[in-house]
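Hello,

Here is the structure for you to look through, with my notes after it. Please read the two together.

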Amino acid sequence: GASQNKPFCDGSHNSTGFQSRGGDPAGRDRLIAYKGKDVTVTYNPMLCSHAAECGRLAKHVFNPAMKPWVQPDEGSVEEIADVVAACPSGALSLAAEDGSVQHRIPDGAGITLQANGPYWVRNIDPPVSMDAAGGSKAKYVLCRCGLSGNKPFCDGSHRDKGWKDTT
């Protein structure tokens with residue numbers, strides 16, 4: 001996040017004490033299940049980049065002001081599946097009857113830059129192993145602020161610490 005030549009590296013990490021792995025993720029690595037009548041949504045807080053696509057697309061289902069913040073019975077199965085597909089980090093998934101998680105992955109490979117946030121990556125092998133409950137190797141977010149405790153993956157620390165892209 002300190003480079004003066006973003007998105008390219010200029011070596012600034014050498015003088016800032018940047019560490020590429022380790023740290024204390026903003027959220028715990030755990031899979032939380034929100035069971036509804038027709039669908040169960042799972043969520044891993046450690047993977048969440050706080051892109052807020054869930055709230056933008058279905059605030060009546062995904063609303064942090066509600067308890068619990070995910071209420072699957074407030075939306076249709078297809079609507080919830082669309083939100084899971086839009087989640088760039090893979091933090092949201094659908095629970096299968098056998099207990100596994102199902103991610104909805106958009107077609108095609110690509111990298112998208114989120115303003116004041118991480119890189120959204122889909123259908124490209126991750127640079128290191130994805131060691132997170134329910135994580136997806138086909139859909140994840142990469143830190144570009146340097147603040148994540150789950151590097152190289154984003155854990156939402158940019159939002160929590162008010163990081164802004166200055167490019």
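**The loop and its neighbours**

Glu97 lies in the loop between strand 3 and strand 4; helices (H or I, at least four residues) and strands (E, at least two) are DSSP runs numbered from the N terminus. This is a predicted model, in which local features need pLDDT of at least 70 and side-chain atom pairs count only at pLDDT 80 or more, while totals for chains, interfaces and linings use all residues. Residues are numbered from 1 along each chain as its sequence is written, and side-chain values use heavy atoms, with hydrogens and water left out.

Is Glu97 buried or exposed? Glu97 counts as exposed because its relative accessibility is 88% (buried is under 20% relative accessible area, exposed over 50%, partly exposed in between, with a 1.4 Å probe and protein chains only). Glu97 and Thr40 are 57 residues apart along the chain, and their C-alpha atoms are separated by 9.2 Å.

Strand 2 (residues 40-43) and strand 3 (residues 92-95) run antiparallel and are joined by three bridges; two strands pair if DSSP finds at least two bridges between them. Val41 has Leu94 in strand 3 as its bridge partner. Strand 3 is also joined to strand 4 (residues 101-102), by two bridges, and these strands run antiparallel. There the bridge partner of Leu94 is Gln102.

Four bridges connect strand 5 with strand 6 (residues 119-122), and Ile111 stands opposite Val121 in strand 6.

**The nonpolar core**

The largest nonpolar core has 28 residues; such a core is a set of buried Ala, Val, Leu, Ile, Met, Phe, Trp, Tyr and Cys residues joined through side-chain atoms within 4.5 Å. Those with the most contacts inside it are Val41, Tyr43, Phe62, Trp69, Ile80, Leu92 and Leu94. Elements giving two or more residues to this core include strand 1 (32-35), helix 2 (53-58) and strand 7. Helix 3 gives the most, with four residues.

Which residues does Ile80 touch, not counting those up to four places away in sequence? Ile80 touches Val39, Val41, Val61, Phe62, Pro72, Gly75 and Leu94, where contact means heavy atoms within 4.5 Å.

Regards
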